[in-house]
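Dear colleague,

Please find the structure below, handed over for your study. A short account of the findings comes after it.

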Amino acid sequence: MDYIANGFLKALNLIVSMDMELYKIIALSIFVSVSGTLISALFSIPLAIFLGLRNFYLKKVYTRLLYTFMSTPSVLVGLLVALFLSRRGPFGWMQLMYTPAAMIIAQFVLVTPLMTGLVFNIVNKRGKLIEKTGRLLGARGIDLLILIIRELKVEITMALLTSFSRAISEVGAVMIVGGNIKGHTRVITTSIVMFNSMGDYEIAIALGLILLLISLLMNSILYGFKGDRQ
Amino acid sequence: MNIRLKNLEKKFYKKPVLNIENLEFTKGLTCIMGSNGSGKSTLLNIISGNLNYENGQVLYNDKPFTKDIYSSMTLVEQKPYMLSRSVYDNVAYPLRIRRYTNREVHTKVEEILQNLQITELKKNRGDELSGGEIQKVALARALVFSPKLLMLDESTSNMDKKSLENVERIIRNYAQMGNTVLFVTHDLNQAKSLTENIVNLQEV
Ligand SMILES: Nc1ncnc2c1ncn2[C@@H]1O[C@H](COP(=O)(O)OP(=O)(O)O)[C@@H](O)[C@H]1O
Ligand SMILES: [Mg+2]
């Protein structure tokens, strides 16, 4: 049992001593997940608003499909992206496999259905009311889009944070397309898997604590937002 | 603005709600009455261009719906939605999207707030108001850009007596200035005191 307590102490030591390898891993994790989430937001939010406001043929079927993709296992997303990016795949010539770019793409694919689904849900409920109010006051086009985003900014931010949390905590997709290469594509979750299997518990625990800390931070921000609303 | 309805038919899931052969609204104030569910709100939503219909025609100055008409009319809904920003910014919104300068916005908003006696609310959040306050702010937000056609859907139902007198005077004046005002109300005495033009919607 000693190794657990020891592991904890050494982990704390690594964190406070600003261990270079540890911080590189953390920085890449945050960079990849923030990028994947933000790029997805540029795409998901307008799409979700459009889908939420319009009534179109087979809307229910599309919605079901979207909700299914929201909970796709991340290894499957990794596999799918790898098929496209691997040397023999359609985008193999871009040589993106095992690079941070590939990881960003994978996380983009992973969180896009989630973010689209979450925002879609919000827009379906309150967005139509906001749209109608805007129209009645004479807004159209881009003014209408800005109005809806501004009115739903709290909910949209919550969807962003939820997506980021999913991105940074997943391991399957980044493992497959990143390959956990030291100093290049190694992120928090893939390191935990690897250091654990090597018996290097200190650094695994340290990274686990950091991940927990990030989760905690995201949750407090989310909770703070929710509290504001009441 | 002159609104003419011809053979207008509206159904919700095959249930007929409106069936109007011929109806015309002209400049000035018209009160629209009718029992619950007779289609008053439906009618205003159709005229505002926010609801489609199965048959018939709605003409504005004898022409179909256009962009110009879109931005020179408004409907104050039965339950107005307040934007989650200050009362001032709620009322300023229609002017801002019409690209008025900040100075013009300021002058117009302050003036309308004063008219409606809600200046002291201007810093309150729009989504934290009482029912009567919401109705006054919604009316200010509609009047501020001087729509040629103003539609009010039971817009005074939660107001106290003092506010009501003031608001009725404002509505009457606004109609006298050459605008078209369609006012849905349940109160026959209110309708009679406001105008001789009273339309009764029959249930279909
Ligand atoms: N969106 C809707 N879907 C289905 N039925 C509706 C809808 N809106 C209104 N109705 C029905 O149409 C009828 C007229 O409604 P409404 O125009 O709101 O009446 P009023 O404003 O005169 O009380 C009512 O029977 C109501 O139930
Ligand atoms: Mg009604």
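The notes below concern the two ligand sites.

This is a predicted model, in which local features need pLDDT of at least 70 and side-chain atom pairs count only at pLDDT 80 or more, while totals for chains, interfaces and linings use all residues. Residues are numbered from 1 along each chain as its sequence is written, chains are lettered from A and ligands numbered from 1 in the order in which they are written, and side-chain values use heavy atoms, with hydrogens and water left out.

**Ligand 1.** The residues around ligand 1 (a heavy atom within 4 Å of it) include B:Phe12, B:Tyr13, B:Lys15 and B:Val17. Among the others are B:Gly37, B:Lys40, B:Ser41 and B:Thr42. Helix α1 of chain B gives the largest share of this shell, three residues; helices here are DSSP runs of H or I with at least four residues, and strands are runs of E with at least two, numbered from the N terminus. A polar side-chain atom of B:Thr42 is 2.5 Å from an oxygen atom of ligand 1, and a backbone N or O atom of B:Lys40 is 2.8 Å from an oxygen atom of ligand 1.

**Ligand 2.** The magnesium ion has the protein donors B:Ser41 (OG) and B:Gln78 (OE1), at 2.1 to 2.4 Å. Donors are N, O and S atoms within 2.8 Å of the metal (3.2 Å for Na, K and Ca); water is not among the atoms, so sites may look incomplete. B:Ser41 lies in helix α1 and B:Gln78 in the loop between β5 (73-76) and α3 (87-97) of chain B, so the pair ties together parts that are 37 residues apart in sequence.

How values were computed: Polar contact = N/O pair within 3.5 Å; in protein donor to acceptor, adjacent residues only side chain to side chain.
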